[in-house]
Amino acid sequence: MNDMNISGRAAIVGLGATEFSKNSGRTELRLAMEATLAALADAGIDPKEVDGFSSYTMDKVPEYEIARLLGARNVNFFSQVPHGGGAACAPVLHAAMAVATGIAKTVVVYRAMNERSWYRFGSGDYNFGDKPFFDSVNYGWYMPYGFHTPAAWVGMFARRYMHAYGATSEDFGRVAVAVRDFAATNPAAFFYGKPITLEDHQKSKWIADPLHLLDCCQESDGAVAMVITSSDRAKDLKAKPVYIKGAAQGMSEGQQSMTSFYRNDITNLPEMGHVANQLWKQSRLTPDDIQTAVLYDHFTPFVMTQLEEFGFCKRGEAKEFVRAGHHARGGRLPVNTHGGQLGEAYIHGMNGIAEGVRQVRGSSVNQVSNVHNVVVTAGTGVPTSGLILGDRA
């Protein structure tokens, strides 16, 4: 094995989550502790053994407070990755690197948020005002023209993609219908028992043309945590290990945060393509080796673009992929079998990683048969990250 390659050298050995709701009724710290303790119990690891933590920005739960409440003795590693949902998979990368290099032995990766009851990312109110920070100046070029919200920013990319490749609003709707079908059979999902039809999607109100309400993810309260340790140690622990076959972050030329409109081509996501290339190289796998995928679905159009960036279909052909139902239940590559952020909950991507773990373990409520490898992605439109999880080191 190449010593510079982390593939197969670390594993996820514990998984924990709270319920997902619109009003948790407790603090984000409480949610984080509930999920973390559940993950450690799942792994059969004493909380005092934790010596590393990783999360990502827009998180208000400090790692030192979790460490104190766990009774952790000496913490060797901690990180918080920027760019919000684009960082969702990056804490697993950081944890894997820490474990593979011997910096830490037991790392907790977590995300806790009251993003519905306390604050709302999609409100368009970011308190930039006249503060002389970079974001204030940068978004000052967009907000006067109506680009206040993530839906508006993504709508620009989506409209250009439709123009270039002939995709339609109905194609975006097919993404939404499929994930809501999975959510309808997932008791943990907010939309459990509530599937939708393509007609429902088309009749839902406009948010930012060409995006309907049912093209947009939820706002949710909840927490997810997982425990990462070395592959060697993982074999002796309580839960079935899920090996980190690939983990990567990526930015590309012309990168901005949700507003990379000045690139020559805005129909693709080159930063996700860069992540995909790293993952294939690390894992020595190809798209044909993947049985199911968890693709970050804050908005439906970017699910289609990610299918193309990972090579599951050719550029511009995601519309044919979803029209054929390859992404849906029983399809060639079921996508977001937990219901995604559109149907299960929006825990900023961490609940998607949890579903990847469950699929490899064989414990998903919508289990795909014979799963050996799963692709998981983080937020798109920003500097991003991704994973390949597998059942073998």
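**Rings, charges and a helix**

The charged end of Lys22 lies over the ring of Phe190, 4.5 Å from its centre. Arg180 places its charged end over the ring of Phe191, at 3.9 Å from the centre. The criterion is NZ of Lys or CZ of Arg within 6 Å of the ring centre and within 35 degrees of the ring normal.

This is a predicted model: local features need pLDDT of at least 70, side-chain atom pairs count only at pLDDT 80 or more, and totals for chains, interfaces and linings use all residues. Residues are numbered from 1 along each chain as its sequence is written, and side-chain values use heavy atoms, without hydrogens and water.

The whole structure holds 11 aromatic pairs. Rings of Phe, Tyr and Trp (its six-membered ring) pair if their centres lie within 6.5 Å; planes under 30 degrees apart are stacked, over 60 edge-to-face, the rest tilted. Tyr142 and Phe261 pair edge-to-face, 5.9 Å centre to centre with 65° between the planes. Tyr142 sits in the loop between α4 (134-139) and α5 (150-165), Phe261 in the loop between β8 (242-250) and α9 (270-283), so the pair ties together parts 119 residues apart in sequence. Helices (H or I, at least four residues) and strands (E, at least two) are DSSP runs, numbered from the N terminus.

Phe157 and Phe261 form a tilted pair: 4.9 Å centre to centre, 40° between the planes. Phe157 belongs to helix α5, and 104 residues separate the two. Phe157 is buried at 6% relative accessible area, and Phe261 is buried at 16%. Buried means under 20% (1.4 Å probe, protein chains only). One aromatic cluster includes Tyr142, Phe157 and Phe261.

How values were computed
Buried means under 20% relative accessible area, exposed over 50%, partly exposed in between (1.4 Å probe, protein chains only).
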